[in-house]
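Trainee: I should like to learn how to read a structural model step by step. May we begin with the pairing of strands and then turn to the surface and the confidence values?

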Amino acid sequence: GDGCPEHTALWMAHAKPAMDHLLGRGLTGDALHDALVEQNVLSQLQHARAYPAVARAEAEGRLNVHGWVFDLHHRRMRYYDDSLGLLMMGEGTGQE
C-alpha cells in the first residue's frame, strides 16, 4: 500500500493518535515534528496510566509516571509536570 514494510507501518501506527490530535493546526516542518513528539509523549503517559496495575500503584503512591522529551539537536530536555499539565524545561539543560 503506502510503501512502508508491514512492521514499520505497525510501529508508526502508535503515533497516529498524536498526529490526529494535531491535524488542522497549521503546523509544518520542525514545528509539526516537535508538536508530534510532545503529543506522543503525552499520549503514551495516558496509555500507561490506563493499565489497572499502573493506575492502582500510582493512586497508592507506590509509582510515579514520568514523561520526557529530549531534543538532541538543541541539547534540551523537557519533562511533563502533572501538577501544571505542561511540558517544562528541565534543569541544567543546554550546558556544555
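Trainee: Which residue in β3 is the bridge partner of Y79?

Mentor: This is a predicted model. In it, Y79 has M88 of β3 as its bridge partner. The neighbouring pair to inspect is Y80 with L87, the latter again in β3.

Trainee: How many bridges join β2 to β3, and in which direction do the strands run?

Mentor: Strand β2 (residues 76-81) and strand β3 (residues 86-89) run antiparallel and are joined by four bridges. The two strands form a hairpin with four residues between them. In that turn, G85 has a positive phi of about 70°.

Trainee: What joins β1 to β2?

Mentor: Four bridges do, and β1 and β2 run antiparallel.

Trainee: How should I think about the side chains along a strand?

Mentor: In a regular strand, side chains alternate between the two faces of the sheet. For a case to examine here, take F70, which lies in strand β1 (residues 68-71).

Trainee: Is F70 buried or exposed?

Mentor: A residue counts as exposed when its relative accessible area is over 50%. F70 is therefore exposed, because its value is 58%. Together with W68 and L72, F70 makes a nonpolar surface patch of about 420 Å².

Trainee: What does the surface of the chain as a whole amount to?

Mentor: The accessible surface is about 7400 Å², and carbon and sulfur atoms account for 57% of it. Of the 96 residues in the chain, 18% are buried.

Trainee: In what order do the elements of the chain follow one another?

Mentor: Read from the N terminus, the order is α-α-α-α-β-β-β. Among contacts with a separation of 6 or more, 20% are between residues 24 or more positions apart.

Trainee: Where is confidence lowest and where is it highest?

Mentor: Helix α1 (residues 6-12) has the lowest confidence, with a mean of 73, whereas helix α4 (residues 52-59) has the highest, at 96. The average pLDDT of the chain is 82, and 89% of the residues score at least 70. Over residues 92-96, however, the pLDDT is below 50. That stretch has six contacts in the model beyond near neighbours in sequence. Where pLDDT is low, the predicted coordinates should not be read in detail.

Note on methods: Residues are numbered from 1 along each chain as its sequence is written. This is a predicted model: local features need pLDDT of at least 70, side-chain atom pairs count only at pLDDT 80 or more; totals for chains, interfaces and linings use all residues. Side-chain values use heavy atoms; hydrogens and water are left out. Patches are made of residues with over 30% relative accessible area and no salt bridge: like charges are joined within 9 Å, nonpolar side chains (Val, Leu, Ile, Met, Phe, Trp, Tyr) within 5 Å. Accessible areas come from the Shrake-Rupley method with a 1.4 Å probe; for residues, only the protein chains shown count as cover. A salt bridge is a side-chain nitrogen of Lys or Arg within 4 Å of a carboxyl oxygen of Asp or Glu. Buried means under 20% relative accessible area, exposed over 50%, partly exposed in between (1.4 Å probe, protein chains only). pLDDT is the predictor's confidence in each residue, from 0 to 100. Contact means heavy atoms within 4.5 Å. Two strands pair if DSSP finds at least two bridges between them.
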